[in-house]
Amino acid sequence: MRAAVLHEIGQDKLEVLDDVEATGFGPGKVRIRMRATGLCHSDLSAMNGVLPQPAPFVPGHEGAGEILEVGEDVRTLRPGDRVVVCWLPACGACPACRRGQTELCMSGFMNAGTPNFKRPGGDVFGFAGTGTFTEEVVVDAGCAVPVPDDVPFDIAALIGCGVTTGLGAALNTADVEAGSSVAVIGCGGVGISAIQGARLRGAAEIVAVDPVASRRESALKFGATRAVSPGELPDAKQQATAGEGFDYVFEVVGKSATARTAYEHTRRGGTLVVVGAGAMDDFLQLSMFELFFDEKRILPSMYGGGDVLRSYERTIALWRAGRVDLAGLITHRVPLAEINEALDGMRTGTALRTCIEI
Ligand SMILES: [Zn+2]
Ligand SMILES: [Zn+2]
């Protein structure tokens, strides 16, 4: 079958091969025919080494498809079921799961050193234990979350990472208060989802911050009240908050420099929400004095910072009711064969989300 493979960390091109096989099928596993997968910034970060990932590997972790085959002991899924691939499955038994913080469950990382694919040249890993830039993938049954048949594959794929991450940051982690002021730094698919979450909660001011003009225009359509380039942020803070700073600032880039900017634009006693996935050797610097004296809360948000399956269900309910626009996030659609052009498009930053149709 076909899959897009990165041969070595640091390369910027994938090779679409047709000699790849999804491996590991057996008890507790399911085989999925992928139908749609989104390009998420974390895929680029795994390719360039910012996020740890063994190679060669099949990138992609935001996907949806249908079940082809279920292993022994799998009672909750059947062939033909429509599923979202969940890269952070919940075991249901560990202390984090029992507390309802399934985004902190480590069970999905236990298989991180096990290859998901093979080809005549040897083993091939899957990104984050999944790897969705492929026609078929084998994953633990817990990584395949059934969704109703009226959820199109492209929408279901978005729920697998970007939308869950962005909406959850606003609804779960920040718990944005009605009437508050919000700034969102970084307005790709995740940032736009955070904007939609802030709008749902009734934020009075939502300032979108992005260097790309087309993304700023999109942000206004999705509920931002102002959209500015990074250099215009200090003025926007002055106008939107009379200079005090925002009640909430979302950092959706994953860099210490933008996190520092976000911290400085958060009001005293306000909340900085760190959503971007950054590098292990990139350190955010804060003085002990400002940390104490300004009483700003720093809340990291991983995968929406809440019960993952509950977040999926909530997103589907909001989408059905027309309260969030998910289709509008998909600005580009390409077949798997054109994945390298799509990755280039993401590097230049014009796309909100690109959907690979498989
Ligand atoms: Zn668990
Ligand atoms: Zn992602």
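**Aromatic rings and cysteines**

In this predicted model, Arg31 places its charged end over the ring of Phe25, at 5.3 Å from the ring centre. A second contact of this kind involves Lys296 and Tyr263: the charged end of Lys296 sits over the Tyr263 ring, 4.5 Å from its centre.

Next come the contacts of ring with ring. A pair of aromatic rings is described by two quantities, the distance of the centres and the angle of the planes. Searching the whole structure gives 3 aromatic pairs. One of them is formed by Trp87 and Tyr303, whose ring centres are 4.5 Å apart. Their planes stand at 35°, so this pair is classed as tilted; to count as stacked, the planes would have to be under 30 degrees apart. The two residues come from distant parts of the chain, 216 residues apart. Trp87 lies in the loop between strand E7 (82-85) and helix H2 (95-98), while Tyr303 lies in the loop between strand E17 (297-300) and helix H10 (308-320). Both partners are shielded: Trp87 is buried with a relative accessible area of 13%, and Tyr303 is buried as well, at 2% relative accessibility.

Another pair is made by Phe289 and Phe293. Here the ring centres are 5.0 Å apart and the planes are at 15°, so the pair is stacked. Both residues belong to helix H9 (residues 288-293), and because they are 4 residues apart there, about one helical turn separates them. Phe289 is exposed, since its relative accessible area is 56%. Phe293, with a relative accessible area of 41%, is partly exposed.

The cysteines remain. A search of the whole structure finds 0 disulfides. For Cys86, the nearest cysteine sulfur is that of Cys143, 6.3 Å away, and Cys86 is in no disulfide. Cys86 counts as buried because its relative accessibility is 2%. Cys187 has its closest cysteine sulfur in Cys40, and that sulfur is 15 Å away, which is too far for a bond. Cys187 is also buried, with a relative accessible area of 0%.

Technical notes: Residues numbered from 1 in each chain as written. Chains lettered and ligands numbered in written order. Predicted model: local features only at pLDDT ≥ 70, side-chain atom pairs only at ≥ 80, totals over all residues. Heavy atoms only, no water. Phe/Tyr/Trp six-rings, centres within 6.5 Å; stacked < 30°, edge-to-face > 60°. Buried < 20%, exposed > 50% of the residue type's maximum accessible area, 1.4 Å probe, protein only. Lys NZ or Arg CZ within 6 Å of the ring centre and 35° of its normal. Disulfide = S-S within 2.5 Å.
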